[in-house]
Structure formats: C-alpha cells, structure tokens
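Trainee: Could we go through this one together before I set anything up? I have a few quick questions.

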Amino acid sequence: MMDADPVTTSYMSTLTFSLLTTLLAVLAAAYYYIETSRAVRLVKKLPGPPSVPILGHSLITLKAPPEALIEIGLDFFEKYGSVVGAYLGSKVVVFLADPQDVEIILSSSVHIDKAEEYALFKPWLGDGLLITKGDKWRRHRKVIAPTFHMNILKTFVPLFYENSIDLVNRLRDKVGKEFDCHDYLSAVTVDILTETAMGVRKERRQKTGFEYAMAVMKLSDIIHRRHYDISLRLDMFFKYSKLAKVQEKLLNIVHTLTEHVIKEKAKDVEEKLVKDQQVKEVQNDKPMENLNVTENTKNANNRPANYMHYVRDDLDDIDENDVGEKKRHAFLEMMFELKKNGQMTDEEIWEEVNTIMFEGHDTTAAGSSFALCVLGNHPDVQVYSLLLFSMIHYNNYIINNITPWLFCMLHLCSKIATYCLLKRGYFKVAKKAIKSLRSSAFLTP
C-alpha cells in the first residue's frame, strides 16, 4: 500500500483548521452581537426561564408540539409572574399577562408598527388596518372607527335578534349530541357581519357563512404553524409545501365571499342614488309633512313578525336628527362614500373589507363560544342568566305595551305577595323582594 500524499494531508489539515477557526470566529461574533445588544441585556433583567448563549430560549419549544405552548406559557406565568422576558437569537419578546399592562401597549397611538409575523397575513388581507402602519393606518383608522359607533350598533339590534333566533333553531337539532359550538357561532357571526357592517341584505347575500368561517379557521391554523415552524416562515420555502396549495384554495373561498359582498353593496349604493333622486323629485311636488306621514306609515306596516320593541332613550333622538354630513354610516357604506370623494381606492376597500370580515367575526365568535361553554359547565349560572334576561325583556315589554292601569295592578299584586311572604316568616326572601320591587321602574304606578 502506498502512503498518503503528504501534500494532500497538509492541505486537508489546513482546510479543517481554517473552517474551525472561521466557525469559532462567527460564534464569537454572534455571541458578542446578541448577548451584548441593548435589547437582550434589558430582557435578561426581566423574570424568565434559564437561557443558553446565542440561542436564548429557543430550545424550550424544540420538541414541544404547538398545542403544548399554552400550557408551557401558563406554567411560566405561574412561576415567574405576569411579565416574562425571552429571546431567540437577536429577537426579543416580552409576554404580558396583566390586562392593565396590555392596555398600555394596545392604547398607544405611537407604537403602532406590527411585528414581522403579521406579514404572513398579506396574501389574505392585503395592506389593511391589521397590517398597515404610519399615515395610512392613522387615516384608515380615523374613518373606520366611527362606523362602529354605539349609535350605529344600536340600529343593528333587530338583526342580531333575527340571526340569533336562526342560531337557536339550528342548535335545537343538536340537543343531546356532541358538537363544536364554535362552528355554529362563527357561521352566524359571519351572517350578522355581512348584514350589518357590510349592509348586504339577507336575500342578496351568499349562503356561505359557514364555509367562510371554516376557511378562516383553517387559514389561521396555517399561519400559526408558519409562526411556529421556522422552515415554513420564508415564502421561498413555503410555496413548495403542501400547506401552500391548501392556503390557495382557502383564500379563494374567503375572497369569493368578500368580493361578492363588495359587488352587492356597490349595487345597493347605485340603487340608493337613484331612489334619492326620485325622493327629491317627489319632495318638489308634495309637502314635506305628507311625505313624512306616508313614510312612517309605510315603515310601520313593513315591520317583520319578529320586530322587537325597545325603550327609547336620548340616543334615539340624536340618531333621528342626524342628517347630511352629520349622519353616521355603517362600515362599507362609508367606504363607498369615501371612494366617491376620491379618498379611498377599490384596492383599499378590498383590503379593509377582508380585514373587517376576519377581525370582526373571529374575535366575536371566539368570545361567544367561550361564554357558551362556560354557561354549559355551570347550570346554576344558566338559571341566573335566564332570570336576568327574562326580567329585562319583561321590563321592556311592559314599558312599551302595558297601560298605566295594569302598572297599578302589578304594583298591588307585588305588595300582596310581599305581605304573604312576611306573614309566612320568609323574612330574608321578603327583604330581597322589597328591595327588588323598589328598584324596578316598571312596578311604579
């Protein structure tokens, strides 16, 4: 056997030494850059789990599935308190559990730049309010926020009621069965949002609320997985994955609904312009008083069978007296008004409709689902909730429909009932009854 060439051996040794030296130099530079950076030095002063140099806390989630992150986070909050600091390389993260701390951040009008993770929403939402920043964010927020004013939301209550009745009818079929309530609440929330903020009438909207809600949940899952899996974060790698094809199909479902909503609302806006022109022509021929009487009579006759009666308050007068520029508009109607004035483009409307459809239904559906689950686990609270709802509904019904004579009769009956309780010795119950009677406006003659 021939001996190895000494020149080759020397070359390999030199190459290995050079590579090791370069690697050590890179690690030393990374250590210095990361560990001595101001952000990392500050986050290390906060309570948090032990870290390793350069990698920080990234090893904590190395073998943990995404489903386990919530439990890991809760354990850390229990162990280290409501403020926990962590870092992954040069990226610093501070986790807040106290609502008052979170409020300071969320209510800031200065710190409005979104984290880089929000960029994964761009194929879905474009550069809408959730993602955008700077002047565009301020301008869009200024015009969108008033469209969800309490005065406008009040006018949607009958629509909330009608859609809630539809939901109850659907859930009746599931009595005694196991099902995911979030699926049903997501679907009905999409329908409500389409009919209220978007202003698309029930008979003209697509019956794809459930399909849209399911697509949103699956899209959210894909984005969360991309946040968790570093190999899927970069678009250059993600586009070759199976999830990219699934995301494309889901985006088609979501955008089909939102584009249909925009199209239908555009038709409504055109029809409204024609009607307004006709009304102006009629006003020139008829006295205003006769027109108002005719319009009020028409509205009263066209009320649906499940029309709800409400107690009037000062906001009703404000709403009815709002005219011209003072009149508030719902979300999508306002978008078209801005477009007409050259303040909003078609692309911006598309972005904001997709953003509001996602943000508006997702959070509400999640909160409603949690509330329903908690009520399901606490039957005693269900009873109190039902009693409270019944009292409010009964109170409103009496104020709107019962004559003063019946008020007096109810008041007299309540006094008799209280007297009977006292005579029978139910003193504690009687005291509560008297207290509630005195605070109930509808029992005052």
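Trainee: Which residues does the UniProt annotation "transmembrane region" cover?
Mentor: According to the unreviewed UniProt entry, that annotation covers residues 12–34; UniProt positions follow the numbering used here, feature names are shortened, and annotations may be inferred rather than shown by experiment. Residues are numbered from 1 along each chain as its sequence is written, and side-chain values use heavy atoms, with hydrogens and water left out. The model is predicted, with local features needing pLDDT of at least 70 and side-chain atom pairs counting only at pLDDT 80 or more, while totals for chains, interfaces and linings use all residues.

Trainee: And how much helix and strand is there over residues 12–34?
Mentor: The chain there is 100% helix and 0% strand, with the end C-alpha atoms 32 Å apart, where helices (H or I, at least four residues) and strands (E, at least two) are DSSP runs numbered from the N terminus.

Trainee: Switching topic, how many disulfides does the structure hold?
Mentor: It holds 0 disulfides, a disulfide being a pair of cysteine sulfur atoms within 2.5 Å.

Trainee: In what sense do β1 and β2 pair?
Mentor: Strand β1 (residues 83–88) and strand β2 (residues 91–96) are antiparallel over 6 bridges, pairing requiring at least two DSSP bridges between strands. V83 lies opposite L96 in β2, and in the hairpin, with 2 residues between the strands, G89 has a positive phi near 65°.
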